[in-house]
Amino acid sequence: MRAVKIKLGKRSYDVVIGHDLFTAAASFLQKGDYSKKALLVTDSTVNRLYADKLADALREAGFALAKIVVPSGEEAKSLAWAEKIYDTAIEGKLDRQSPFIALGGGVPGDLTGFAAATYMRGVPFIQIPTTLLAQVDASVGGKVAVNHPAGKNMIGAFHQPDAVFADLASLQSLSPRDYASGLAEIVKTACLEGGGRLDFLAEQAGRIEERDEEVLSSLVAGACAYKAKIVEDDERETGVRMFLNLGHTYGHAIETEGGFSLYTHGEAVSIGLRGALLLSGEFASLAPQVTTKVSALLEKFHLPLKASGIDPERAYQALWHDKKAVDEKLRWVLLKKPGDALISKDIPLLKVREVLAGLVENGKH
Ligand SMILES: NC(=O)c1ccc[n+]([C@@H]2O[C@H](COP(=O)([O-])OP(=O)(O)OC[C@H]3O[C@@H](n4cnc5c(N)ncnc54)[C@H](O)[C@@H]3O)[C@@H](O)[C@H]2O)c1
Ligand SMILES: [Zn+2]
């Protein structure tokens, strides 16, 4: 068991990484200043796999549990499901000290966090991420949200969890597609981190594919430690935290245009990352070899470099719903070299369209 500390003054917390962490999570809550009525939110797949085990540990620790199971997939990240969480919390008479516990991937995490940020103006929140994507990215940093039909994460808040418990054993049951999705955020982080992280991923690709626990533990701890530094510097994303959105401008547009189902978040980030690097080649002097190296890595991890079944014009329009757009200007995260990013507002729209056209084909999926 290891822990990465996120240092945010009174809102500091640990990301605990290890095995069989359900009991550890229950005992953390038992020792804390929480009311004994808790709410567990999970999705239908994770419910089948892990919820009973966690519920047993929580009951043994003296908690009365209200539970809500949302559908598996992005559709659950909606205001309608947030409302159902409020209803369940109200019916169960949950109070201001009641912990909301998210068990699952980034979807239950973002949704539960959003509900926790708003129920009674904010209640405690615990993350138990069970996807690689959620363990290396979504569960850490306190960005919580639901989607609006017009765009991803349009309705949200900042609400830090009290603790994160990343159980590595749960990663073994992920589908190859969901596992690869998490690797996309890991590659993104490696681009931002520099210092040989991309080479490390290439060298360890075999062990990563086998889901070797030692390498997984170092990937999760490494990504959380990197994210911790950024979040500690810029909790509310007014500066350096924006860099974490590398690949997400095109990525969100592709994810949205695919109806949140054609491409997973990680797959869309993979395609978007390639787009951002292509723009970086022209506008931030990124060496083309870096783009080639990153593309090869993404391919090795079975991630797409192009989207099909997406209309380029609609995807272009979707870019404008990006939360980074300010004053009708798109803001791009570009890479000068691994470990060195910048924000640019001055990319000619013609170029934006041209690169996008190369990323998406209007054919069938
Ligand atoms: N808040 C943030 O900072 C942040 C950062 C990155 C991504 N996100 C969000 O995270 C979401 C994507 O996260 P995700 O990929 O974890 O999505 P997800 O929660 O939909 O999980 C993906 C799939 O894996 C299944 N699953 C979960 N755990 C499993 C397990 N252990 N074994 C088998 N199947 C399992 C789920 O049922 C689902 O079908 C997106 O909505 C994205 O916007 C948020
Ligand atoms: Zn992401």
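Let's start at the zinc ion, ligand 2: its protein donors are E185 through OE, H248 through NE2 and H265 through NE2, at 1.9 to 2.1 Å. Donors here are N, O and S atoms within 2.8 Å of the metal (3.2 Å for Na, K and Ca), and water is not among the atoms, so sites may look incomplete. Keep in mind that this is a predicted model, where local features need pLDDT of at least 70 and side-chain atom pairs count only at pLDDT 80 or more, while totals for chains, interfaces and linings use all residues. Residues are numbered from 1 along each chain as its sequence is written, chains are lettered from A and ligands numbered from 1 in the order in which they are written, and side-chain values use heavy atoms, leaving out hydrogens and water.

Along the chain, the zinc donors follow the spacing E-x62-H-x16-H. H248 sits in helix α10 (residues 248-257) and H265 in helix α11 (residues 265-283), so this pair ties together parts 17 residues apart in sequence. Helices (H or I, at least four residues) and strands (E, at least two) are DSSP runs, numbered from the N terminus. H248 counts as buried, at 5% relative accessibility; buried means under 20% relative accessible area, exposed over 50%, and partly exposed in between, with a 1.4 Å probe and protein chains only.

Now to ligand 1. Which residues come nearest to it? Of the 28 around it, they are D43, T130, T131, K152 and S173, where being near takes a heavy atom within 4 Å.

For V107, a backbone N or O atom is 3.0 Å from a ligand 1 oxygen, and for K227 a side-chain N or O atom is 3.5 Å from one. Alone, ligand 1 exposes 860 Å², and the protein buries 91% of that (Shrake-Rupley areas, 1.4 Å probe). The elements giving two or more residues to its shell are α2 (44-60), α4 (106-118), α5 (132-138), β8 (151-158) and α6 (176-193). Domain 1 (2-172) and domain 2 (175-361) each supply at least three shell residues, with bounds from an automatic or database domain assignment.

Most residues other than glycine have a negative phi. K93, though not a glycine, has a positive phi of about 55°; K93 is in the loop between α3 (79-91) and β5 (100-104) and is exposed at 60% relative accessibility. S285 also has a positive phi of about 55° without being a glycine. S285 belongs to the loop between α11 and α12 (288-300), and is exposed at 65%.

Key
Polar contact = N/O pair within 3.5 Å; in protein donor to acceptor, adjacent residues only side chain to side chain.
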